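Hi,

Here is the structure I promised to send over. Have a look at it first, and then read on for what turned up when I went through it.

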Amino acid sequence: MNLVLLGPPGVGKGTQAGKISQYLNIPHISTGDILREAVKRGTPLGLKARHYMEKGELVPDEIVISIIKERIQENDCQKGFVLDGFPRTVVQAEALEKVLSEFGRAINVALYIEADEEEIIRRLSGRRTCKECGQIYHMIFNLPKDGKRCELCGGELFQREDDKVETVRNRFRVYLEKTLPLVNFYNKKKLLKKIDGARSAEEVFNEIKRVLSQK
Ligand code: AMP
């Protein structure tokens, strides 16, 4: 199954994509994670992407499209994939459609996880990420067991530059302008399924499983 996750930054797409990936045994592909790794390693891609990311702006379409084109042709994507944070513009969605159709494939469902701006700010400003493995925690909703370090690898937790309040507001504005039109894009194609994101991660995932079982 080829899935797309839509929704504002911080609504829990990464968490849900991880659960879906395990549940369906398909890879979780996050352009945000790929770009952050490139920035961390200082690769040419990272150098190009960095200043857009720090301001909460979108990285140019052609850059992310070429990342995804390559990634979805890898072997582990044969059975499907769950895309998290891509597409984020109509141009990206059209490019995705085109590249999939070249292999006789298509998106099967676009899960749209909804939440309003205040809920997003509350969530993102509490979010902490492991420096080593990227695992996500939350200072209110999902504290690591010892309150400080990553449960998986013992890594130190930090607040992403773009999770700070001013940047979060900008990311939300960019989302409304550039990404929200995709709701209409997938709705017209009868692929859109709305999920209420203002609930616990478990409840959201149960709803997703219900929706997927009807597919
Ligand atoms: P995320 O972790 O998905 O919120 O992504 C973090 C940042 O990476 C975004 O604020 C953008 O700067 C950049 N980014 C990730 N995915 C995309 C995409 N599909 N198109 C453009 N920029 C992206």
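T31 counts as buried, because its relative accessibility is 2% and the cut-off for buried is under 20%. Before going further, please keep in mind that this is a predicted model. T31 belongs to helix α2, which covers residues 31-41. Leaving out residues up to four places away in sequence, T31 touches V64, I68, D84, G85 and F86. With one of these there is a polar contact too: a polar atom of the T31 side chain lies 3.1 Å from the backbone oxygen of G85.

Both T31 and G85 turn up again around the ligand. There are 16 residues around it, and the ones that come nearest are T31, R36, E57, G85 and Q92.

- G85: a backbone N or O atom is 2.8 Å from a nitrogen atom of the ligand.
- V59: a polar backbone atom is 3.0 Å from a nitrogen atom of the ligand.
- R171: a polar side-chain atom is 3.0 Å from an oxygen atom of the ligand.

So G85 has a backbone atom 2.8 Å from the ligand and its backbone oxygen 3.1 Å from the T31 side chain, because a polar contact is a pair of N or O atoms within 3.5 Å.

Five strands make up an open sheet with parallel pairing, and their order is β2-β3-β1-β4-β8. At the edges are β2 (28-30) and β8, each of which pairs on one side only. From one strand to the next, the twist averages 25°. Helix α1 (residues 13-24) packs on this sheet and touches β1, β2, β3 and β4, and its direction makes about 165° with that of β1.

What does β3 pair with? On one hand, four bridges join β1 to β3 (residues 81-84), and the two run parallel. In that pairing N2 stands opposite F81, and L5 has D84 as its bridge partner. On the other hand, three bridges join β2 to β3, again running parallel, and here I29 is partnered with L83.

In a regular strand, side chains alternate between the two faces of the sheet. In β3, F81 and L83 point one way while V82 and D84 point the other way, and all are buried.

How accessible is L83? This residue of β3 counts as buried, as its relative accessibility is 0%. Neighbours within four places in sequence aside, L83 is in contact with L3, V4, L5, I29, I68 and L96. I68 is 15 residues away from L83 along the chain, and their C-alpha atoms are separated by 9.2 Å.

**Helix α8**

Next is α8, residues 181-188, whose buried residues are L182, V183, F185 and Y186. Seen down the helix axis, these buried residues fall within an arc of 160°, so they line one face of α8. Which elements cover them? Among them are β1 (2-6), α5 (90-102), β4 (109-114), α7 (165-179) and β8 (192-196).

**Two backbone angles to look at**

K190 follows α8 and is found in the loop between α8 and β8, with phi near 60°. K190 is exposed, given its relative accessible area of 70%. The other is N25, whose phi is near 55°. N25 lies in the loop between α1 and β2 and is likewise exposed, with a relative accessible area of 54%.

That's what I have for now.

Cheers

Terms used: Residues are numbered from 1 along each chain as its sequence is written. This is a predicted model: local features need pLDDT of at least 70, side-chain atom pairs count only at pLDDT 80 or more; totals for chains, interfaces and linings use all residues. Side-chain values use heavy atoms; hydrogens and water are left out. Buried means under 20% relative accessible area, exposed over 50%, partly exposed in between (1.4 Å probe, protein chains only). The arc is that of the directions from the helix axis to the C-beta atoms. Contact means heavy atoms within 4.5 Å. Two strands pair if DSSP finds at least two bridges between them. Axes are lines fitted to C-alpha atoms, for helices over the stretch in contact, and angles run from 0 to 180 degrees between N-to-C directions. A residue is near a molecule or strand if one of its heavy atoms lies within 4 Å of it. A polar contact is a pair of N or O atoms within 3.5 Å; within protein, one must be able to donate a hydrogen and the other to accept it, and residues adjacent in sequence count only if both atoms are side-chain atoms.
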